[in-house]
Amino acid sequence: MTVLPIRTIPDPILMRKAKRVRIVDDSIKKLISDMLETLHAVPGRVGLAAPQIGISQRVIIISLPSEENDEEKGGDIVIINPEIVKRFGKRPVDEGCLSVPGYRGEIKRAESVTAKGRDQNGKEIRIKTGGLLAQALEHEIDHLNGTLYLDHLEGTNNLRRIELEEAPL
Ligand code: NI
């Protein structure tokens, strides 16, 4: 496992649509362990998508802060070829991104989502959730489509500079 540098804007890999994973081979397993180690090295972090460490493949990981953890959501969530299959409602959220350091912004996200994909053993996963996990799922899957939260801002008034990173996605 290796902690890798996190790509930041305007790195073109962040604007690119990532490739679907066909087989979970050793290179994908290594990618997942590097992503986990890289994410765990950042204090207060929530999630990471493979393009953020320079690999344009459809893999995301989410690791919620401990106060958000419960039986269902606890630990690290790894999803290969994730997709949002259903969205419900809209709510304003405050969001930051490891690839957009020094800023946070207010955007709208779904109140709840249903996401599906596969875990590292090829088993199908389906998650129906709200709160920070729903926000993180939308945010990380956006990364796989070359979309940043900045693309959802309704105006630059909703973007602000920050000194310390809090819960970046
Ligand atoms: Ni992000």
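**Basis.** I worked from a predicted model, in which local features need pLDDT of at least 70, side-chain atom pairs count only at pLDDT 80 or more, and totals for chains, interfaces and linings use all residues. Residues are numbered from 1 along each chain as its sequence is written, and side-chain values use heavy atoms, with hydrogens and water left out.

**Overall fold.** I noted two helices and eight strands, in the order α-β-β-β-β-β-β-β-α-β along the sequence. Helices (H or I, at least four residues) and strands (E, at least two) are DSSP runs numbered from the N terminus. Of the 169 residues, 49% count as buried.

**Helix H1.** I found that H1 (residues 26-40) reaches 21 Å from its first C-alpha to its last, close to the 21 Å expected at 1.5 Å a residue; the expected span is 1.5 Å times one less than the number of residues. Its buried residues include Ile 28, Leu 31, Ile 32 and Leu 39. The buried residues of H1 pack against strands E1 (47-49), E2 (59-63) and E3 (76-88), contact being heavy atoms within 4.5 Å.

I recorded seven antiparallel bridges between E6 (residues 112-118) and E7; two strands pair if DSSP finds at least two bridges between them. Thr 129 in E7 is the bridge partner of Val 113. Five residues separate the two strands, and Gly 122 in the turn has a positive phi of about 85 degrees.

**Nickel site.** I listed Cys 97 (SG), His 139 (NE2), His 143 (NE2) and Leu 169 (O) as the protein donors, 2.1 to 2.3 Å from the nickel ion. Donors are N, O and S atoms within 2.8 Å of the metal (3.2 Å for Na, K and Ca); water is not among the atoms, so sites may look incomplete. His 139 lies in helix H2 (residues 131-144) and Leu 169 in the segment after strand E8 (159-161), 30 residues apart. Both His 139 and Leu 169 are buried.

Note on methods. Buried means under 20% relative accessible area, exposed over 50%, partly exposed in between (1.4 Å probe, protein chains only).
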